[in-house]
Each structure stands twice: as structure tokens, then as C-alpha cells.
Amino acid sequence: MTSRREFLQAGLATSAIMAGLGVSNWSRAMAQQALTQDQLLQFDDFGNLTLIHVTDAHAHLRPVWFREPDTNIGVGDAAGRVPHVVGETFQKMFGIAPASPEAYALTYPDFEALAKSYGRMGGFDRIATIVKAIRGSRPDAILLDGGDTWHGSYTSLKTGGEDMVRVQNLLGVEAMSSHWEFTFGTQRVQELIEKCNFPFLGANIYDVEWDEPAFEPYKIIQKGDLAVGVIGQAFPYLPIANPKWMFPEYSFGIREERMQEVVDELRGQNVDLVVCLSHNGFDVDHKMASRVTGIDVILSGHTHDAVPEPVLVGETIIIASGSHGKFVSRVDLDVQGGRMAGFRHKLIPVFSDVIAPDAEMASLIEEIRSPYKADLDTVIGQTDKLLYRRGNFNGSWDDLICRAILEERDAEIALSPGVRWGASVLPGDITREDIHSVTSMTYGQCYRSEMTGETLKTVMEDVADNIFNPDPYYQQGGDMVRVGGLSYSIDPNAPMGNRITDLRLIADDAPIEPGRSYTVGGWASVNEGTEGPQIWDLVEEHIRKGGGTQQDGPVSSINVKGL
Amino acid sequence: MLISRRGVLTASVGLVGLAMLPVAVRAQDAAAAPAQTADEMIAEFTGGAEAVEGDGVKLTAPEIAENGNTVPLSVEAPGAAEILLIATENPTPGVARFTFGALAANQAAATRIRLAKTQDIVAIAKLADGSFVRTAANVKVTIGGCGG
């Protein structure tokens, strides 16, 4: 008798042998100068069930440039393990040739040059083509959306997230999880849920007052003779990382015991497969998979990692499908006797110049955008270098935003949130849509206030611990707060309170004094009643004045130690 | 369909019957002695006997508090006579001492507490045989604000 573990290993081996199906296929295609839609979609059907995973699109309806991180430090057990592998190390780990399409899609080296060869990625009209093609061969394929779908663009802000619900409905999403969705506020979330043709799941969302489940925890999706239990897991730290006054009725948390309870409940109902549609973030999912038993597949979102192969933890596979619509994961499973007996997977890169847009979805996107077209396409100014955000510390977009805050709000120090969303911009025009891609939110007021050096250090230590705590359950999954006007050193492996040293003002290279008060400008405050101009208006103003090509000295300087 | 208590209460003019738990909560006992340190309280509770780390007592707490002023905690220790709950780094570490009578259907209790800062919460259960078992959970109190 073959154990399930052996089956899984065989599955992995198959997946490695079949690498021609996934990753290395693209290189070969490129060698032939012929990347085609058929090649990108090529997949030998396997088993008796297909899952399709999309996540963290952040409302990017159209194809984008998106540079993957150059720094993604893993601490504790996660050091050196996916997704904490970047650049050439990542390429070597997965056998990716430099400058190949997959190197462009998954890693940062030569991004700017490769972007010109391979073009933008994503776009829901292309995603629709992929979903339809998969459903063509597997009509019972289940499409699951990991959340962070409603927020993150000009049109989503203007329509209160409704544009994305229309897109999800047309795409045929069958369940979703959540995070930034809640920043539209409880009432709007409830209104949008009414408009969804699918359930909004959250096993870990509780009523604050009654301490009992507030949302449907799971949905059993019946496909043919298979019953698939899909559990939703919202981002656990919403009331801490985002303004809880916008959704005061709800409490979140990892709630590992609750997850086990829900899995057991589904197993008690004799489902054939248990899938967790998670917005935990990869490291949290990795730990959860090692402690909760009975989950076959975790579809992992939140930390925006695109991982080319499933990661096996115990008897659970974790699938991470990137962000901003760059990838769609297809997972074929052989489900036998109430368990997963094998799998085949492909992280499909959505090359927008290769995948044909689906006409129906393209027309919906056009309809959504048309009232705002003039605003979206307005060129605000130019940049003379690549603008990107993703990475543990300041990206060039963050530097530009921080400089805008310093100058427009006359501050000594700027703070900008370490979110992982926001597309890149190649040298050339910056449009209003580009600015909204990195700033859009329902609490974008840019404040100006006084802060002592001591408080500043406390804030930075606190954020650093939320990212670099060696226990994933204490990580919130963003990146380090972006700074302007400041230089500092950081040792990610040091204990809480000791990571940040040598804090200095760049202007005069003077050490930050604990007792002195500094003028600080920042945005995305979680406090209610924050006042100031919207960050996108402020950034626009700065870029209009030539801020995109301004080159007088660094706005931030961060020295990473101890690695 | 998910039926929540909040929903039921708003929908109908609630027939609320609060079940009386057969639990005597003597939070005052623990709280009334601010001079005592966490270690002293534990020593007093166990009478100096060693409390072994174990599964006999389960403490459920959030990893990171959403609101440090009201952190939900629950403890459970099947067969226990008493459970002592301590917030080790609070100015007044004593949280509660739960005593379960012979008629208690289960030995579990839940409360909400205020945490001054990030710290370990310790739960020690006195089992029916007079032995002690303990567990701890680290609850982080953070200022937050940059997730994404």
C-alpha cells in the first residue's frame, strides 16, 4: 500500500520532471523566439479536480509593470527558504535562465530592460481568457479569489470597490477571502457582499462584542461527485495594521484552534477535499500547515509571493500566486477516498502581449473605466528612472513619495507605509492612474505632526518586529515603514527593541536625539480623524513641479546588518 | 445561513437568558494584593510545589492584541479544581483565580483583561490530585499601522 506521503512525493517529483510544463518551458519558448498563448496555457489534465487561484490583484484591472523584490529577508526557520529568496538565487533555485521570460516575471534583475522585451503582465481580460481555457478542458474547475481584490486603484476608490465585484462576478469567482476589503468600512463591505454571486468567507472573523463567528467560515462546493470544503481565512491582523474604527464590529486573529475546529467539522461532513483560501501570508500559512491537521491545499495570499512550485508541509501543499494579476495558479488534484492523492501545478504567468484579451471582460473593464478615462490617463509628469515599491525597505517610488511629503508638508522626517501593493513605472510619463496604484486608499490623509526621537525609534522598532519576529504568528506581512530624511541601520535578527541603530537626519547627518521633537509628515494613519491633504494629491503636486526627475541627494539611506 | 447572536438580538427583541456558570470567580483575591509579584502569587497558589509545563491546561490568547485595553483570554483544564491566571508584566499581575465546584460541567473560563505591554500570560491549574500544571502564551501589544 502506498502512503499518502509517498504519493505526494511522487507528485512533487512528477512536477519536477514535468518542469517542461511550467517554468523551463518558457525559456525554451524564448530561445525559439516564440512565446505563445498555447504554451503558457499548456497543461496535461491530471486527476479529477482543478483549482484556479487568483489573489491580491489590488484592483489592477489592466496589465501592469511589476518589479519583484530585491530584498525579502526571512528570519528564524524561514531564512533562505521560499519566498525569502530573490534575484539570482531564486533563478538558480528554480532553474530559471537569466533574462528569460520567467526571470522577468519572477525576479528583479534587469527588470527595466526585460520589461521592454516582455511587456506588461496581468489584466483581468487576460485572466478571463486563462480561466475560460482551463474551464474548457475542466468544466468543474473551482475558481477561488484570496482577497485584496476590491482595493488599490483609482476606479476601485471611485466605485467603492464595486468595479471589482462586477469583474469577479463575470469571471465566475466561487468564493473569496479578505483584507483591504474592510477598509471600505463595515457598511460598504456588507453592501458589496450582497452584490457578490459567491460567498465571502472568513472563519477567523468574529463579532467583537459576542466573541462568536461573524461570517460564513466555509462553503462546501459540490463538483460532480466530489464535495470540496473551502475555508476562508481573512488577514489576521486587520484591526492592528488597518484602521479598526472602520470595522469596529469585527475581531480577527490567526485563531489556529478555530481553523482546526472548522477543518474537523468539514471532515465530519465527509468532504473529499479541504482547501484553505488564506490571506494569512506565506510564513504564517507555512506554520499553520505544520500545526493544523487535515488541510489538503492552502491557497496562500497576502504576502504577494509568486512561488513556481507547491511547497509541501506535512501532508498539505501551499500554493502562492503572486499579486497584481501577474499570475494565475492552476492546480490539478487527484482526489481519492476523501484525500488528495496527487497533484500537478502550474503558476501561469499572465504575459499581456501573449495572452489574448477576453472580449466580454475587456468590454466590462472598458465600461468601468470610461467615466474616469480622462482622469486616469492624465500625464502628471515624468520620471527619469524606474519607480517601484516592492522590497523590505524603501523602493524608488517610496523615495519619491517621501520626498513629496518632506517638501510639500515642510517636514524633517517623512513616514510612508510599508505596503506591498503598487505597480512599477518605467522611465517616462507618470499618469494619475500610476500615482493611485501606489497610494489609493480610504484613509490617505497626509498628516503633519511632532514626534520625539524616542517615539520615532519606538515606532520603527515596533514595525520591524511586525516583519522580522522569528515566530511567523507574530508577523503582519508588510514591509518596513518607508522613511524620508532619515538614515538608519537595521539588524533583522536582533531582538525587539535592538534592531534599529544609528538613526540620523540626512540633512545634517546629526543623530536623532531621543528627547528632541521632530516635525514628521506621513500618511495612512490608523487613527480616526487624521487631517491633511490626500496623499495622491500631494504626490501629484510634487510631480507636477518636476519631483519625478529631481536628483539632489538621497532621501533615505538604510544599512542592513547581521545577515 | 450563519445566525449570530448580534443578528438575533437585533432581529427580535432578544429573549436573553444568561446561563449561570457554576464557576466562582474571585478576581478580587488576585487583584487585591498589588505588592505581590507574579512569582510570589504562583508560589502561594502552588504552595511551593512545582508546576510542570503540560497539555493539562490550555490557554487561548491572541498572538497580537487588537486592543490592549480588552484582551480576550480563555483557559481550560479538564478535571481542574482551580486555575490561576497571571499577567506577568502588568503592574498588578493578578488577573483571576477560578474555582470550580463539584457540579461544574467543564473546567473552563473566559475573561477580558487589560495588558500594559507585551508580555507572557501564565495559567496554572490545580488538578484534582493536587498536582499543578502550567502553560504560558506571549501576547504582543503593538502600535501597528503599516500592514499591507
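Mentor: Let us begin with one pair of residues: A:Asp145 stands opposite A:Met176 in strand E3 of chain A. The model is predicted, so local features need pLDDT of at least 70 and side-chain atom pairs count only at pLDDT 80 or more, while totals for chains, interfaces and linings use all residues. Residues are numbered from 1 along each chain as its sequence is written, and chains are lettered from A and ligands numbered from 1 in the order in which they are written.

A:Asp145 belongs to strand E2 of chain A, residues 142-145. Strands (E, at least two residues) and helices (H or I, at least four) are DSSP runs numbered from the N terminus. Two strands pair if DSSP finds at least two bridges between them. E2(A) has a parallel pairing with E3(A), residues 175-176, made over two bridges. Strand E1 of chain A, residues 49-54, also runs parallel to E2(A), and four bridges join them. Here A:His53 is the residue opposite A:Leu144.

Are the faces of E2(A) covered or uncovered? Both are covered, with A:Ile142 and A:Leu144 buried on one side and A:Leu143 and A:Asp145 buried on the other. A residue is buried if 20 or more other C-beta atoms lie within 10 Å of its own, exposed if 12 or fewer, and partly exposed in between, with C-beta atoms placed from the backbone.

A:Val230 and A:Val275, together with B:Ile83 and B:Ala123, touch the most other members of the largest nonpolar core, which has 199 residues. This core takes at least three residues from each of domain 1 (4-367) and domain 2 (378-560) of chain A. A nonpolar core is a set of buried Ala, Val, Leu, Ile, Met, Phe, Trp, Tyr and Cys residues joined through C-beta atoms within 7 Å. In soluble globular proteins, nonpolar side chains tend to be buried together.

Five of the five residues of E11(A), 316-320, are buried, so the strand is largely enclosed by the rest of the structure. A:Thr316, A:Ile318 and A:Ala320 lie on one covered face, and A:Ile317 and A:Ile319 on the other. Strand E9 of chain A, residues 297-300, runs parallel to E11(A) through four bridges, with A:Leu299 opposite A:Ile319. Strand E10 of chain A, residues 311-313, is instead antiparallel to E11(A), over three bridges, and A:Val311 faces A:Ile318 across this pairing. E10(A) and E11(A) form a hairpin with two residues between them, and A:Gly314 in the turn has a positive phi of about 60 degrees.

The wider setting comes next. Chain A has 19 helices and 22 strands, and 57% of its 563 residues are buried. The domain bounds quoted above come from an automatic or database domain assignment. The C-alpha centres of domain 1 and domain 2 of chain A are 28 Å apart, and 42 residues of domain 1 contact 33 residues of domain 2. On the domain 1 side, helices H6 (111-118), H8 (154-158), H11 (238-241) and H13 (282-291) of chain A each supply at least two residues. H13(A) gives the most, with four residues.

Chain B has three helices and nine strands, and 35% of its 148 residues count as buried. Elsewhere in chain B, B:Pro78 occupies the loop between strands E4 (71-76) and E5 (80-87). B:Pro78 counts as partly exposed because it has 13 C-beta neighbours inside 10 Å.

Notes. Two residues are in contact if their C-beta atoms, placed from the backbone, lie within 7 Å.
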